[in-house]
Each structure stands twice: as C-alpha cells, then as structure tokens.
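Good morning, colleagues. Please take a moment to look at the structure that I am about to show, and then I shall walk through its parts.

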Amino acid sequence: MSEYGVERRRVFGIGGALGMLAAGGLTASTVLARRPAVTGAELRSAVPLPVPYRTPLPVPTVLRPVDTAGGVDRYRVTQRAARVPILPGVDTPMWTYEGAFPGPTIESRRGRPVTVTYRNELPVPTVVHLHGGRTPAESDGYPTDLVLPRGWRDPMDGMRHPAGMAGMADPRAVVTRSTRTHTFPLDQRPTLLWYHDHRMDFTAPAIWRGLAGMHVVRDDAEDALGLPAGPRELPLMITDRAFAADGGLAYPALDPTLRERPGVPERYLAGVLGDVILVNGAPWPVHEVDAARYRLRILNASNARHYELEAVTDDGRRLDLVQVGADQGLLAAPVAQRRLPIAPAERYDVVVDFAAVPVGSRVRLRNRLGTGRTREVLAFRVARKAADRSRIPRVLSRDLPTWHRGDAVRVRDFAFRAGRMDSGHGWLIGGLPFDPARSDVTARLGDVEVWRLIADVHHPVHLHLVGFRVLSRGGRRPLPTDVGLKDTIALRPGESAEIITRFDGYRGRYLFHCHNAEHEDMGMMANLDIV
Amino acid sequence: MTTAAKTLPPARAVPRTGPAGWVLRSVVSAHVAAILAQPVFAGVYLSGDFDALGWHATGADIVTTLGYVQLVVAVVAWVRLRQPGLFLGTVALVAAETVQYVAGMDGALWLHLPLGVLTIAGLIGQFVAVWLRPLPRVARAADDLPEATDEPRTGTGGREARLTGEAGDE
C-alpha cells in the first residue's frame, strides 16, 4: 500500500530512524554535559596528594599595626616570593603577602581608618584591591594603578595587552615605584573582606600564586550580639590549586614569568580549576572543635571554582548552616540553610552547632559540585563537650538598606558572555572587552539603580565600592542564599538576576567585573564612574 | 483555502468530522507559530535583553497550554476518527514540552537545548502531516474499511505513521 508512492514500510523506517536519532542526541547530551554545570577546565596535580582530613587547619596570623596614633591603624605589608609548606613535606614557591599564604589577616573597626603601605618585592608590577571595601577610588586598586618593582624598565612594560586590547594605554593610571599606601576609611558595615592582587591582565595567575588575604571589619553592635567568638570564630579561605612535579603550583600561563603576555591556552579560557582544595592554605584540613556553636566566615578565593557546601556528619545527617551574614555584613535575621552555593569572591557568615554531634565523630564540609576529591573540603572533629554561652539573636541588624524598585532612577542591562576580541576569544560585558580608557557606566553619587545581569555560563559578577540587594533571579524570587547585602552575585549558565544598589560613598573611577579571575583577565571588566 | 474548499463538502456529508479537522489544523498551526518564537526569544535574551526572558517564559506558558489543547483535540480526533497516530504523537510532544518547561525553569540547559530542537522538529512534522493533504473526513464509514482497522497498529509509530493512517482514510 502506498501514499504518494511511498511504501508504508519506508515511512516506518524513516520514523524509526528519526526516533533513534532523537534518542541518541538526548543520550549524548546526558552523557557529555557537565551535570551540574561547571565553567572551567581542571588541572591535574603531578605529585601524590595527601589523604583528606589529616592536615590541621591553619588560621592566618593577625597582622600587627606598626602604628596606631591619631585614630588610624597603620600597617606595612611586603609582597615577596617565599617558599610555603602547603603539601606535607613539600615547600611550594609562591608569591605572598608577608611570606604567608593566605596573607596575614587585618582586623579593623568600623569607621576607624586603616592605612596599608604595600612594598612590592616581586619581579612584576602589583596592585592591591580590598574586595568589598568602601574605599576612595585612589586607594581602590584600579588595575592600572600599578606599583612597579625596582628595576622594572618602563612603566608601560606592565601594560601590554593581548591583541584584543592592543596599544591600550590608560592616561588616568597612577603608577608608583616600589611602594603604595592605601587608605581604607572602613566606614561600612562589619563583615569579612579580602584583599588580593588586581593587576591588569594578570589577576588570575597572581591570586593563584598566593596574593590573597583576609580583612575583618567589626563594630560594637556586632560584638554585643553574642555570636561565637575567639577560637570559636574561624575565617575560612577556600581555594583550589594544582601542583607540578617539583611541588610548585601548576598554572597554564602563556607567559610563566607573568611579565608580558597575559592569558591562558584556549582550553582554560573558561577558568582554571585545581584538583586540590585548600582551606587557609592547607589541603583538606581537619579542625578539632568543642561540641558547641562555631561561627564560620567562609570566603571562596578560588579563581573559577564554585562550591555548594553542606555540613554532613559521619552518619550522613546534614547540619543546619545558620546564615547570619552575607558579603556585606549581617543579615536582618538568621536564615537556616542546608546548602551554601558559593562562587569566587562570595562570602558567607554562618553558625554551625556541633552540640548534638557525638564526641569523637566528624562533621565534614563537603562540596556538592565537586567530583572525586574535590567533593571534600574541610572536616571538624568534635573533641569534647564544652559549655557554650554563645547565641544567635533573632534580630542581627537593623541597618540593612531598603531600596525599592520605585527608588531607581535608571535600569541598566548587561550581558556577560563569551565573544571575540580583536583576535582570539575572550569575555565581554555588553559586547565589549575591557578598556580602561573607555567610560562604560556613569552613575551619579547617591542615585539608586537597578541592574539586570544576564550570563551565558557561570559569571560571579562583582561591583566595586557598593553593596547591592538581589531583587530577582531568573525572573523569579531570589535564592534563599541571596539574602542580605551582597557585593558579588553568582549567575549560573543562562541565568539572569536583577540587583538594586545606591551608588554612595565616594566619587571616582571604579570597576564592575566578573570575578572568575580568568574571565576578568580576558576582558570581562567594565568601568564604573561615580560622578 | 482551496484545500479547505475541497475538504469541506465531504465533511458536510459526515457533519461531525469536518470541523474537528479544522480545529486540529488551527491548533497545530498556532502551536507551531508559538513554539518557533521560543528560540527567537532565547537568542534575544542571551544577547543581553532581560525582557526577552519574560517573553520566553510567557511563550513557554502559551506553547505548553497549546500542547494540552492539542492533546484534547487529538483525543477527539482519535475517538471520532479512530485515528490514534496524531494522538500518540501529541502525547509524546506534550510530554517533551512538560519536561522542557521544567528543564528551562531549572536551568538544565544540557537538556533544554536539544529537547527544544527535537520538540520543534516533531511539531513541524505534525504541521506537515495535518496540512499536506485533506484530513480524514469519515469516521463511521471508515470503521468498516480494511484500512481503518489497520490504524491502531500503524498509529503506534507516531506522526509518520499517522500519515499512513490518513492515507487509509482517504
């Protein structure tokens, strides 16, 4: 029997073939796709890796000011190469602040200015940015405000760019030799900040080599809350790294001297991931704790790796991670989270209660986005029963800004996506790669604006100077972990978000950018001029 | 319209099936038009136009709703015309569209993109099937024809099989 001369059997054949092709396509997608999605390529270490949860958790030393006269704390920090013991029995050559990784922690009080004089003894230019700091533009560490090392031939040597940014000089750059003093007024909500290198085109390898440290801001109101403190407050800087055969850090820089040619091979364009998870510079460490509440101040200082953290007991129970603070300080009220998705540069301030955990057993902080060893992060071994006078008040703060859509004088849209620079692939904001000499966004001091951000792959978007609140994500309600005041928002593939902020504080030239460090080095930054 | 003119007079002879065929064509056509807008909105969205996400979401609601409407119409076509091919094809499409909706909301793009392409391909196949030739007009009379008794078997093959089912009706 036929229809238009077509045999029924043939029609079945075509139908069957199409059905099989469809099934094959969906199966291929299921098998090949990264589920959950991961943006970046992982390096493999060439040294034997330690067994997780044997190395004790280090806590970075707190830096002592050299002078506290006149209501200002003055610090000196030297950026220098050092050999740091990271893996057991191996010294790893790194670039450090004060010879340590992470760099020393700076403890500060709200409204009490801090000055830090950075001395550059590294072989390349540097510039320090205090992430999350409400800092005047001249101290914000703009990527071209370089501190040149002694003997660096020409101020413009550090300013070569890939062809995509060819010949780009920045007339507004403030370049110094050897030292630079930053003034941080710290007139801002108490929170965990972090400082890191922000050199144009070379931020990713500089952070990878060790140029990162933490900075805490406190005030009396927060101290009075009764949150766990002292040894029961732990700053946790999570990073991923990979190690070469000689114990040095592996990183696929096109120019390993990091002097002239920026960037990484195409394979690593989406981001460099390591196969070793470090917390405060130790691989998969373990920390002995009392059966009591602990305040964990978690920072993801990885270049590109996202984590989704959960606290799991040995018998598989998940403990609540009671969030008390976000990137920019305390929430209005605590929020019990089960999982914390944390993108590069994001912070969470959480309280976890080990009281109900049997003495002698462990609680592991695990990463649901990892595979194999990158699923493991950190373990707590509950060592003893202990008295606990800490508490989590129902009201944590009353000073969170309450901006409404109606307050916004402007709505701006930005697409964060891959694209072509003049030659080669890069990452673009609104279709353009970074140009320090171009004005991208000009906002009036005091204006409230809504920004709508759209991503093609994972992009943790960070605004300098200001904190913002998340209005919506993917056209729907924000995630439970989007609460509070943030300065970095993690967009997942194809996702968008609306944020609202008020540009206050200081006038001057700032930045907003993707905090996937490889992306920001390959174009994904833009200027934010506050006038 | 010329096709319609040819189709309708016999439909008048068997009054209850003609309108069903037209409803079917209308629904499938609207469904195709709506679904073809979806990749357009997605592309505009990823180019940085935030509003297009809203259009894509509204489009998803419309497409999915039309899918369910088509399912009802296909049930009618099956009952009235003893023709399960279109119905089974529509069941597959509606299932795909439902998964597609959830995958989109969850951001599971590894599934959302290929499934979206396949759904559109399937729906275009149905569009061709309902417009290529006059729709089956009979029902009761066809029951007694040997071709009609073949249809439950041929119908399991999906929309391609439905083409042959229509051939039987003709």
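**Domains and contacts**

The domain assignment, automatic or taken from a database, divides chain A into domain 1 (2-32), domain 2 (69-229), domain 3 (231-248 + 265-385) and domain 4 (405-530). This is a predicted model, in which local features need pLDDT of at least 70 and side-chain atom pairs count only at pLDDT 80 or more, while totals for chains, interfaces and linings use all residues. Residues are numbered from 1 along each chain as its sequence is written, and chains are lettered from A and ligands numbered from 1 in the order in which they are written.

Let me turn to domains 3 and 4 of chain A. Their centres, taken over C-alpha atoms, are 26 Å apart. In contact (C-beta atoms, placed from the backbone, within 7 Å) are 23 residues of domain 3 of chain A and 21 residues of domain 4 of chain A. On the domain 3 side, S22 (321-326), S23 (329-337) and S24 (340-342) of chain A each supply at least two residues; strands are DSSP runs of E, at least two residues, and helices runs of H or I, at least four, numbered from the N terminus. S23(A) provides the largest share, 4 residues.

Next, chain B. For chain B, 23 residues are in contact with 26 residues of chain A. Helices H2 (18-46), H3 (51-81), H5 (109-132) and H8 (159-169) of chain B each supply at least two residues of that side of chain B, and H5(B) gives the most, with 6 residues.

Terms used:
Two residues are in contact if their C-beta atoms, placed from the backbone, lie within 7 Å.
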